[in-house]
Amino acid sequence: MTIPLAHRAKELRAHHRPGATRAVVMTMGALHEGHAAGIRAARERVGPTGQVLVTVYVNPLQFGAGEDFDRYPRTLDHDLEVAAAAGADLVFAPSDAEMYPSGRPRVTIAAGPMGEVLEGASRPGHFDGMLTVVAKLLHLTEPDVATFGEKDAQQLALIRRMVGDLNFPVEILAVPTVREPDGLAKSSRNAYLSGPERGTALALSRALDAARRLVAGPPPGAPGEAEAAPATPAAAEAAARAVLGEAARLDPPLRLDYLALVDPADFTPVSGAFAGEALLAVAARVGTTRLIDNVRLRFGGAA
C-alpha cells in the first residue's frame, strides 16, 4: 500500500481537499501501534470522506543537552507503511530547513508555570519547544481535529491549554495509551531497552496498576468489602512507591525521576481528602532510557 509523502509546505497545500474535514496526527516517527491507534481514531472522527494527515518530524527544539536527539530512531519507510495501513491519506515529513528556515526561531511559545513541573522540571525548555512545533504544524496542516496520546499526559494538557488560551480553531482528541502485552506503554524509546532493562521497566505499569487496584477497592462480593475504607491519595501513591522501590533494587535498577499525583487539567498536586479524578504520573530511567507512564484515578467514587 502506498501513500503520498510531502516534504515541503507547498506540497502539503497541493494535497489539501477543500470542504473535507481534516485531522492531523503529529509524531516524531518510529511509528508503532500507539501511533496507529491515533491514526485510526482520527479516521473514525473525520469519516471516510475526511482527510487524515500524519506529520513525521523529530523536533530539535524539544530535546535538551545530553538527550537522545541524535540517536532517536528515524524510520521513514516503515512509518509510511504504518500510516497507510492505519488509514492515513498523507504523510508530511519536513526537514529542519523547511520547519526553521532561519535557524532556531527567536519567537517561541512559552509553556508557563504548568510546563515547569514534572516533565518540565526534568527537561527544562522541553515544553516550550514542543508547543512551538505543535503551533507551527497546526498552522501548516490547518486541521479541524488533532489527536494526541494520553501517555504524554502533561503534553496533552498543555496543548489543550494553548489551543484554548490562543484560540486555535481545532478540536484536540485524546487517544488512550496503547500497551504491550506485558503492560509496558508503547513508546518509540522502548527499542533502546535490553531484555533485562525491559524486565525492570515493567515496574512502571505495575506500580500504576497497584495504585489503581487500591483505589478501585475489592471486587463486589469479596470478603471484607463492606469494611474497606476508600483509598486516600497518599495511600495510592504509597502503593505505587512500594513497587518502584522494589524495582530500584533490581539489576539493572530503576532510577525514579518522579512519581506525582496531580490534577489532570493543570498538573497541580493532589493530596488530603481529595475527591474527583486525579492523574498518577511517573517517570524513571532504566539504563540510559527514560520512560514515562500514567494512570487516571477517581477518589471518592468508583475508580
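**Figure 1. A salt bridge joins Asp257 and Arg290 in this predicted model.** The closest N and O atoms of Asp257 and Arg290 are 2.8 Å apart. The pair links distant parts of the chain, since Asp257 belongs to strand β7 (residues 254–262) and Arg290 to strand β9 (residues 289–299), 33 residues apart. Asp257 is partly exposed, with a relative accessibility of 34%. Arg290 has a relative accessible area of 14% and is buried, because buried means under 20%. Side chains of opposite charge can pair when their charged atoms come close.

**Figure 2. Glu171 and Arg45 form a salt bridge between a strand and a helix.** The N to O distance between the two side chains is 2.7 Å. Glu171 sits in strand β6 (residues 171–175), and Arg45 sits in helix α2 (residues 33–46). The two residues are 126 residues apart, and the pair links distant parts of the chain. How exposed is Glu171? Glu171 is partly exposed, with a relative accessible area of 30%. Arg45 is also partly exposed, at 39% relative accessibility.

Figure 3. Arg213 is partly exposed at 48% relative accessibility, and Asp209 is partly exposed with a relative accessible area of 28%.

**Figure 4. Arg17, Arg43 and Asp89 belong to a network of salt bridges.** The three residues are linked to one another through this network. How many salt bridges are counted in the model? The count comes to 17 salt bridges.

**Figure 5. His35 is listed by UniProt for "active site".** The listing comes from an unreviewed entry. His35 lies in helix α2. Is His35 buried or exposed? With a relative accessible area of 17%, His35 is buried, because the limit for buried is under 20%. Leaving out residues up to four places away in sequence, His35 touches Val25, Thr27, Gly29, Ala30 and Ser188.

Figure 6. Most residues other than glycine have a negative phi. Ala30 is placed in the loop between β2 and α2. Ala30 is buried, at 11% relative accessibility.

**Figure 7. Asn167 also has a positive phi without being a glycine.** Its phi is about 60°. Where does Asn167 lie? Asn167 is in the loop between α7 (153–165) and β6. At 65% relative accessibility, Asn167 counts as exposed.

**Figure 8. The peptide bond from Asp251 to Pro252 is cis.** The omega of this bond is near 5°. Most peptide bonds are trans. Pro252 lies in the loop between α10 (233–247) and β7.

**Figure 9. One cavity of 30 Å³ or more is found in a search of the whole structure.** The space in the largest cavity is about 40 Å³. Which residues line the largest cavity? The lining is made of Lys151, Leu184, Ala185, Ser187, Asn190, Leu204, Leu291, Ile292 and Asp293. Strand β9 gives the most to this lining, with three residues. By residue type, the lining divides into five nonpolar, two polar and two charged residues.

**Figure 10. Thr289 is a buried residue of strand β9.** The relative accessibility of Thr289 is 1%. Apart from its neighbours within four places in sequence, Thr289 is in contact with Arg71, Arg189, Tyr192, Leu193 and Ala284.

**Figure 11. Pro18 is an exposed residue in a loop.** This loop runs between α1 (9–14) and β2 (22–27). The relative accessible area of Pro18 is 75%, and Pro18 counts as exposed because exposed means over 50%. Pro18 and Asp70 are 52 residues apart along the chain, and their C-alpha atoms are separated by 38 Å.

Note on methods: Residues numbered from 1 in each chain as written. Predicted model: local features only at pLDDT ≥ 70, side-chain atom pairs only at ≥ 80, totals over all residues. Heavy atoms only, no water. Salt bridge = Lys/Arg side-chain N within 4 Å of Asp/Glu carboxyl O. Helix = DSSP H or I, 4+ residues; strand = E, 2+ residues; numbered from the N terminus. Buried < 20%, exposed > 50% of the residue type's maximum accessible area, 1.4 Å probe, protein only. UniProt positions renumbered as here; feature names shortened; annotations may be inferred. Contact = heavy atoms within 4.5 Å. 1 Å grid on protein atoms, 1.4 Å probe; cavity = no way out; pocket = protein on both sides within 12 Å on 5 of 7 lines; lining within 4 Å. Points joined across faces, edges and corners; volume = space filled by probe spheres on them. Nonpolar A, V, L, I, M, F, W, Y, C, P; charged D, E, K, R; others polar.
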